[in-house]
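Please look over the sequence and the structure shown here. The paragraphs after them go through the chain part by part.

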Amino acid sequence: AALSYIREHACSGISVQDVLNTVPVSRSTLERQLRKYLKRSPQQEIRHVQLKRARELLAATDLPLERIASLCGFKHPEYMHVVFRREIKVTPGEYRRTAQP
């Protein structure tokens with residue numbers, strides 16, 4: 001249930017607390033179960049879903065980065081840039097240039 005909630009709502013800017021408010025488990029149980037099955041924490045899974053959507057939008061659209069950040073649940077485009085570069089190892093702009101024909 002937690003995974004389903006994360007995948008449906010990650011781009012709405014949810015937090016781990018929002019997941020806990022929806023799923024009747026303790027934070028430690030949620031952390032343990034997600035790490036067991038996904039090898040990621042709940043926060044990492046939220047970021048994973050957000051970045052997956054960002055990559056899709058960068059490759060398929062010409063939307064400005066500010067709009068993509070907003071659509072992916074990031075409050076600040078600068079933060080999306082930092083997270084994207086840390087996780088994907090390239091900037092969003094570089095990713096877009098290599099992903100589009």
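This is a predicted model: local features need pLDDT of at least 70, side-chain atom pairs count only at pLDDT 80 or more; totals for chains, interfaces and linings use all residues.

A residue is called buried when its relative accessible area is under 20%, exposed when the value is over 50%, and partly exposed in between. With these cut-offs, Arg 35, which has a relative accessible area of 43%, is partly exposed.

Start with the whole chain. It contains 7 helices and 0 strands, so the order of elements from the N terminus reads α-α-α-α-α-α-α. Along the principal axes, the C-alpha atoms fill a box of roughly 45 × 20 × 20 Å. The chain has 101 residues, and 35% of them count as buried. Among contacts with a separation of 6 or more, 51% are between residues 24 or more positions apart.

Now take helix 3, which covers residues 27–38. Which residues of helix 3 are buried? They are Leu 30, Leu 34 and Leu 38. Viewed down the axis of helix 3, the buried residues fall within an arc of 25°, so they line one face of the helix. An α-helix has 3.6 residues a turn, so residues three or four places apart point the same way. The buried residues of helix 3 pack against helix 1 (2–9), helix 2 (16–22) and helix 4 (42–60).

Arg 35 also belongs to helix 3. Leaving aside residues up to four places away in sequence, Arg 35 touches Arg 40, Ser 41 and Gln 44. Between Arg 35 and Glu 45 there are 10 residues of separation in sequence and 9.7 Å in space, C-alpha to C-alpha.

Just after helix 3 comes Lys 39, with a positive phi of about 65°. Lys 39 sits in the loop between helix 3 and helix 4. With a relative accessible area of 66%, Lys 39 is exposed. Lys 89 also has a positive phi, of about 75°, although it is not a glycine. Lys 89 is placed in the loop between helix 6 and helix 7 (92–99). Its relative accessible area of 64% makes Lys 89 exposed.

Next, consider how two of the helices meet. Helix 4 and helix 6 (residues 77–88) pack with their axes 11 Å apart, at an angle of about 95°. The two helices are therefore roughly perpendicular to each other. On the side of helix 4, the contact is made by Arg 47, Leu 51, Ala 54, Arg 55 and Leu 58. On the side of helix 6, Tyr 79, Met 80, Val 83, Phe 84, Glu 87 and Ile 88 take part.

The cysteines come last. A disulfide is a covalent bond between the sulfur atoms of two cysteines. How many disulfides does a search of the whole structure find? The search finds 0. The cut-off used for a disulfide is 2.5 Å between the sulfur atoms. Cys 11 is partly exposed, with a relative accessible area of 24%, whereas Cys 72 is buried, with a relative accessible area of 0%.

Notes. Residues are numbered from 1 along each chain as its sequence is written. Side-chain values use heavy atoms; hydrogens and water are left out. Helices (H or I, at least four residues) and strands (E, at least two) are DSSP runs, numbered from the N terminus. The expected span of a helix is 1.5 Å times one less than its number of residues. Buried means under 20% relative accessible area, exposed over 50%, partly exposed in between (1.4 Å probe, protein chains only). The arc is that of the directions from the helix axis to the C-beta atoms. Contact means heavy atoms within 4.5 Å. Axes are lines fitted to C-alpha atoms, for helices over the stretch in contact, and angles run from 0 to 180 degrees between N-to-C directions. Angles under 35 degrees count as roughly parallel, over 145 as roughly antiparallel, 65 to 115 as roughly perpendicular and the rest as oblique.
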